[in-house]
Each structure stands twice: as structure tokens, then as C-alpha cells.
Amino acid sequence: MTSFYPALRPLLFQLDAETAHAIALQALRAVQHTPVLLRILTRMFAFEDARLHTEVCGLRFRNPVGIAAGYDKNAVCVPGLAALGAGHVEVGTLTPLAQRGNARPRVFRLAQDAALINRLGFPNAGMAAVLPRLAAQRARGLRAPLGINIGKGRDTPLELALEDYSTLLQQVHPFADYIAINISSPNTPGLRTLQSGAALAPLLGALQLLRQQHCPRLPLFVKIAPDLSPTQLDELLDAALTNKIDGVIATNTTTARPHLRSPAAGAEGGLSGVPLQPASNAVIRHIRQHSGSKLTIIGVGGIDCATAALEKLRAGANLLQVYTGLVYQGPGLLHAINRGLVQTLAQCGARSLAELVAV
Ligand SMILES: Cc1cc2nc3c(=O)[nH]c(=O)nc-3n(C[C@H](O)[C@H](O)[C@H](O)COP(=O)(O)O)c2cc1C
């Protein structure tokens with residue numbers, strides 16, 4: 001089923017990381033337009049077991065493992081990714097206007113570390129171009145819940161960030177199963193300052209009010225960095241709780257450089273993949289300890305196997321996401337994680353993920 005990727009990977013790895021990613025998306029996009037191919041893809045890749053079914057924030061997930069933001073920035077492959085077995089797909093980051101992002105090269109493989117460094121800077125086609133695609137996908141029906149990740153445009157001054165987030169929320173909410181408020185990318189200057197201080201509570205408060213007016217049932221998540229101090233994190237969690245945010249996506253990439261062996265380790269940007277695991281898990285643990293069951297947690301950062309997935313669930317995550325693991329392990333990773341989780345469920349005699357986490 002998944003055996004083609006070890007043969008394909010060396011070829012893809014000869015290409016610039018961003019080019020290889022674009023080719024993978026193009027291939028998936030071509031396949032997803034033919035319903036019979038989409039069904040074949042599902043049969044080949046998707047792993048189905050009722051014990052993995054999870055309900056979070058009123059949404060039903062076939063399994064806990066979704067696709068992290070940034071993988072399908074312009075929502076071109078949502079049906080294809082769902083057919084590969086993703087339990088949910090988060091598209092974006094979308095900004096109000098189209099933008100090119102930083103100069104290339106801007107994604108670097110750290111193969112010895114199973115990691116990436118990226119400084120993309122939210123290249124995306126912009127809200128107006130992506131909305132019709134989202135509408136069409138909704139009309140056709142989706143196999144998995146769809147999250148839409150929104151962010152401030154690069155040229156929007158920080159003081160006007162709320163306008164960008166408000167515009168995006170009002171435009172995209174009819175097509176989303178949840179919204180991810182991204183205030184943690186390290187590649188949009190100043191964005192991370194929205195995570196603390198005077199800007200945070202008004203931003204979350206205003207978006208919560210808009211949600212109440214336009215889409216009261218739509219879950220709102222905040223995506224955070226792994227680089228916050230414990231005090232900043234507590235401040236953020238308090239603001240999230242006060243403003244009725246449903247959950248936290250932990251975490252985005254890190255600007256820290258834990259011990260790395262790859263030549264590209266010094267590249268500027270956000271680090272993702274296996275070296276991010278400890279920091280991301282620590283943030284998840286902190287959120288759960290601080291907030292009990294009041295916040296849903298989507299755990300992301302370095303998941304490359306079922307063991308890593310289980311560790312995040314045991315740290316307190318309700319759902320999971322992957323990005324860098326897909327680059328190194330291929331699309332069979334989703335199947336492998338879910339199969340591994342079911343094997344552990346069987347070994348522990350647990351009937352659900354919630355029971356497994358409690359064991
Ligand atoms: C190339 C690349 C692009 C990304 N783009 C975004 C993005 O646009 N928005 C966002 O919220 N996160 C983005 N991320 C962060 C991922 O969603 C995820 O939080 C992070 O990579 C950690 O997960 P991983 O170790 O499984 O990759 C990006 C990550 C990578 C590697």
C-alpha cells in the first residue's frame with residue numbers, strides 16, 4: 001500500500017523542497033478530479049476503525065489525525081487529502097489579499113534530523129480566489145471536517161491586524177467546520193506579538209463577538225508558538241478562556257534550534273519535524289494542566305509515527321495534525337499512525353481513544 005514512497009522519496013528529494021511539494025499537490029489534485037480514482041485512493045490509504053471515531057466541539061472525526069495548516073494553503077486538495085485518510089484537513093493560512101511570500105529558496109530539508117525549516121511568509125492566492133473553491137467543495141460534500149486557518153496579510157500594520165482577521169472570519173465561516181486564528185507564524189514580521197500583551201485580549205474578544213453574530217456554533221481555535229514563556233502561555237490561555245475560544249492548536253514551528261545535525265540547520269525560519277516534538281509536547285501538557293478540560297487541544301509538532309501520536313494524546317491532545325512527517329514518511333503515515341493507535345487500543349483492551357489516554 002505505502003511501499004512506493006521509499007522509491008519515490010529520493011527522486012523528490014533531488015528537487016527543491018517547495019517544488020517537490022507542489023508536484024505532490026498537483027498529482028493529488030489530478031487524481032481527485034476523477035471520482036473512481038478518489039475511491040481507489042480511499043481504499044488504498046484510508047484506515048477505518050470505529051474505535052478511532054472521535055467527537056470534538058460537536059464535530060465528528062473518523063480518526064484523530066489531520067493535515068496541518070500550510071500543507072494545502074489554497075485548499076486545492078481537500079478531497080484528495082481526505083481520501084488519503086486524513087481525519088480532518090486544515091487549509092490556509094489564508095490572508096485577505098493574495099501574496100507571494102518571501103524570496104525562494106524558503107523551505108529547507110534537514111534530512112538527518114527528519115525536520116524542515118521554512119520561511120515561506122504565507123504565500124497564498126488570497127481570500128477571493130479561494131472562496132469559490134471552498135464553496136464548491138462544501139457543495140460536493142466533504143469526507144472529513146475542514147478547518148480554515150486565517151492570518152494577517154504581510155503589509156497590514158499590526159494595529160490593523162484585527163481588520164484582516166475580522167474580514168476573513170466573515171467571509172470564510174460559511175465553508176468552515178472550525179476556524180484557526182493563526183498568530184504564531186514566525187515568518188510574518190510582528191505576528192507573534194499578537195500572542196501576548198495589549199493586543200491579544202481585544203483581538204480574541206472581537207473575533208468571539210463576530211462569531212456570536214455570524215456563526216455562533218462555529219468552533220474557534222488559536223494556533224500558538226512553542227516559544228512562549230510559561231507566563232506568556234498562561235496569559236494567552238486566560239485570554240482564550242475569558243473570550244470563549246474553543247481550543248488551542250499547539251504548536252506552530254519554532255525559532256529555537258535544539259541540537260541539529262543537518263547542514264541547513266542555520267537557515268532562518270521556523271523549524272518543524274522531530275526536533276520540535278519535546279517543545280510541542282511540553283506546551284500541550286502545560287495547556288492541559290492549566291485549563292483542565294475547558295479547552296480542546298489539537299496537538300501538532302513532529303509526529304512521525306504512532307508512538308509520537310500516542311505521546312501527544314497522553315500529553316492532553318484531543319486531536320492531532322501532521323505536516324513534516326508526511327514529507328519524510330509519505331502519505332502512508334496517516335494509515336500507519338491510525339493502525340498503530342488501534343493496535344495499542346487492542347493491547348490495552350480500550351474501546352476508544354479517550355479510554356486509551358486514561359490507561
Ligand atoms: C512548509 C511549511 C509551511 C507551513 N505553513 C503554515 C501556515 O501557512 N500556517 C500555519 O498555521 N502553519 C504552517 N506551518 C506549520 C505547521 O502547520 C505545523 O504547525 C508545524 O509544521 C509543526 O508540525 P510538523 O512538525 O508535523 O510539521 C507550516 C509548516 C511547514 C513545514
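Is Ala68 buried or exposed, and how many other C-beta atoms lie within 10 Å? The legends below start with that residue.

View 1. Ala68 is buried, because 26 other C-beta atoms lie within 10 Å (buried means 20 or more other C-beta atoms within 10 Å of a residue's own, exposed 12 or fewer, and partly exposed in between, with C-beta atoms placed from the backbone). This is a predicted model, in which local features need pLDDT of at least 70 and side-chain atom pairs count only at pLDDT 80 or more, while totals for chains, interfaces and linings use all residues. Residues are numbered from 1 along each chain as its sequence is written. You will find Ala68 in the loop between strand S3 (65-67) and helix H4 (78-83) (helices, H or I of at least four residues, and strands, E of at least two, are DSSP runs numbered from the N terminus). Leaving aside neighbours within four places in sequence, Ala68 is in contact with Glu90, Val300, Gln321, Val322 and Tyr323 (contact means C-beta atoms, placed from the backbone, within 7 Å).

**View 2. Helices H7 and H8.** H7 (residues 200-214) and H8 (residues 230-242) pack at an angle of about 25°, with axes 9 Å apart (axes are lines fitted to C-alpha atoms, for helices over the stretch in contact, and angles run from 0 to 180 degrees between N-to-C directions). The two helices are therefore roughly parallel (angles under 35 degrees). Leu200, Ala201 and Leu204 of H7 meet Leu236, Ala239, Ala240 and Thr242 of H8. This contact has six nonpolar, one polar and no charged residues.

**View 3. Helices H9 and H10.** H9 (residues 277-291) packs against H10 (residues 306-315) at about 25°, with their axes 8 Å apart. That makes H9 roughly parallel to H10. H9 contributes Gln277, Asn281, Ile284, Arg285 and Arg288 to the contact, and H10 contributes Ala308, Glu311, Lys312 and Ala315. Three nonpolar, two polar and four charged residues make up this contact.

Definitions and conventions
Parallel < 35°, antiparallel > 145°, perpendicular 65-115°, else oblique. Contact = placed C-beta atoms within 7 Å. Nonpolar A, V, L, I, M, F, W, Y, C, P; charged D, E, K, R; others polar.
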